[in-house]
Amino acid sequence: MVLAASDLRRDIEEILPGVVADRRHFHQHPELGFQEFETSKLVAQRLQSLGVEDIRTGIAVTGVTGLIRGTKSGSGKVVLLRADMDALPIHEQNDVDYTSTIAGKMHACGHDAHTAGLLGVARLLMDRQDQFSGTVKLLFQPAEEGGGGALVMINEGVLEDPKVDAAFGLHVDQGSPLGVISLRPGPALAAADRFTAVIRGKGGHGAHPHETIDPIVVGSHVVVALQTIVSREVDPTEPAVVTVGALISGEAPNVIPNTAELRGTLRSFNPDVRVQLATRVEEITKGVAEALRAEVDFSYVKGYPATVNDPEMTALVREVAEEVVGAENVFEAPRQMGAEDFSYFLERVPGAFFFVGSQNQERGLVWGHHHPRFDLDEDMMIFGMETMVKTVLRYLND
Ligand SMILES: [Zn+2]
Ligand SMILES: [Zn+2]
């Protein structure tokens, strides 16, 4: 076991320059959700040259899957490893030799490292087919940043043929230093839904408010009333967020507009709280508006569900991570109100999603996710790849 582990680290160090080169290539050529055509083409090429079997492309527009079969006799289990490939509509402000070449698009969340890292994992597992039984399904997905590419791929059958038994994914973590891995059992990231409410009043002259129904005043009352959902209605031991991120109305100081539009996001972990937020936001918005003589067009869009890690799978990753970076560098991640579409896999199969620290103060790699100066310490891919490979071997051989 000790020998195998050090072999693995040596192999990782050997392939690292290639993995870094791939990451930089993806970084220079960012593509937005469901448009990852060049990225997925390169992914498929790499898998092909590695000898990965049953490569399928064009799933959910740009998604790719491939299989690596172990040759050891034993379990017929199938484990899915996922990387997301999409970039963000952000104009990069870093000045490095691998800066984005596309104006207004940037890998500012680390998905370039996820994709390159999973290609590295594929290579390491291809060299270890005699060390495991069962099958590894590699999955490269489009559109994590809002498009829900994971769900589209699931709807197109990626959890079948062969049927997936467990799923693992990781995320670069600029909130933690290089060399740290964190994860938590149970709900880890929130469900994120959104709503839009168009308040229809009656516009008119700002000097004659009695002849109007002022949608700005109605909208303001709605915003304040919505604050009581979390403070007065949701069980205080359950995390929840109701944020109105936009209240759009009017232009002139002396004109009362016809309408006001509210847009908001709802975050929760508990499925009952999720329903409670959706129901009460609509009821309060409509009730307040009605009391103040306005009408409401309300729409609610269900987003990603909560990301819920299976306790057993989490324990497995944790045990492996402690070997990779040392027990003193593995932490229980706090719950976060952010969301992640890996949740769709975890709704259907047990698995775990973990965070790999990538911040490096000395090198100035301190900017957070979705910041125009976001960048990561590429050595995080060493720990990410090692944890993934060892988790797979242990899961399939157990
Ligand atoms: Zn992101
Ligand atoms: Zn991300």
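## Report on a predicted protein model

The face of helix H5 that points away from its buried side bears the exposed residues Val224 and Arg232. Here buried means under 20% relative accessible area, exposed over 50%, and partly exposed in between, with a 1.4 Å probe and protein chains only. Helices (H or I, at least four residues) and strands (E, at least two) are DSSP runs, numbered from the N terminus.

This is a predicted model, in which local features need pLDDT of at least 70 and side-chain atom pairs count only at pLDDT 80 or more, while totals for chains, interfaces and linings use all residues. Residues are numbered from 1 along each chain as its sequence is written, chains are lettered from A and ligands numbered from 1 in the order in which they are written, and side-chain values use heavy atoms, with hydrogens and water left out.

### Helix H5

The buried residues of H5 are Pro215, Val218, Gly219, Val222, Ala225, Leu226 and Ile229. Seen down the axis of H5, these buried residues fall within an arc of 130°, so they line one face of the helix; the arc is that of the directions from the helix axis to the C-beta atoms. Their cover includes strands E8 (191-200), E10 (240-248), E11 (255-256) and E12 (259-268), together with H6. Contact means heavy atoms within 4.5 Å.

H5 (residues 215-233) has 19 residues, which should span 27 Å at 1.5 Å a residue; its end C-alpha atoms are 26 Å apart, which agrees. The expected span is 1.5 Å times one less than the number of residues. At the start of H5, a side-chain oxygen of aspartate 214 comes to within 2.8 Å of the backbone nitrogen of isoleucine 216.

### The zinc site

Donors are N, O and S atoms within 2.8 Å of the metal (3.2 Å for Na, K and Ca); water is not among the atoms, so sites may look incomplete. Histidine 111 in helix H3 (residues 111-126) and histidine 171 in strand E5 (residues 166-177) link distant parts of the chain, 60 residues apart. Both histidine 111 and histidine 171 are buried. Cysteine 109 bridges the zinc ion (ligand 2) and the zinc ion (ligand 1), which lie 3.1 Å apart.

### Backbone features in loops

Two residues other than glycine have a positive phi, as tabulated below.

| Residue | Phi | Relative accessible area |
|---|---|---|
| Aspartate 161 | near 55° | 51% |
| Arginine 293 | near 75° | 56% |

Aspartate 161 lies in the loop between H4 and E5, and arginine 293 in the loop between helix H6 (271-291) and strand E13 (295-301). The peptide bond from aspartate 161 to proline 162 is cis, with omega near -5°.

### Nonpolar cores

A nonpolar core is a set of buried Ala, Val, Leu, Ile, Met, Phe, Trp, Tyr and Cys residues joined through side-chain atoms within 4.5 Å. The largest contains 65 residues, of which Leu81, Leu125, Val136, Leu138, Phe140 and Phe168 touch the most other members. Helix H9 (residues 380-397) supplies the largest share of this core, 11 residues. A second, separate core of 23 residues includes Ile199, Ile229, Leu277 and Val296.

Methods: A polar contact is a pair of N or O atoms within 3.5 Å; within protein, one must be able to donate a hydrogen and the other to accept it, and residues adjacent in sequence count only if both atoms are side-chain atoms.
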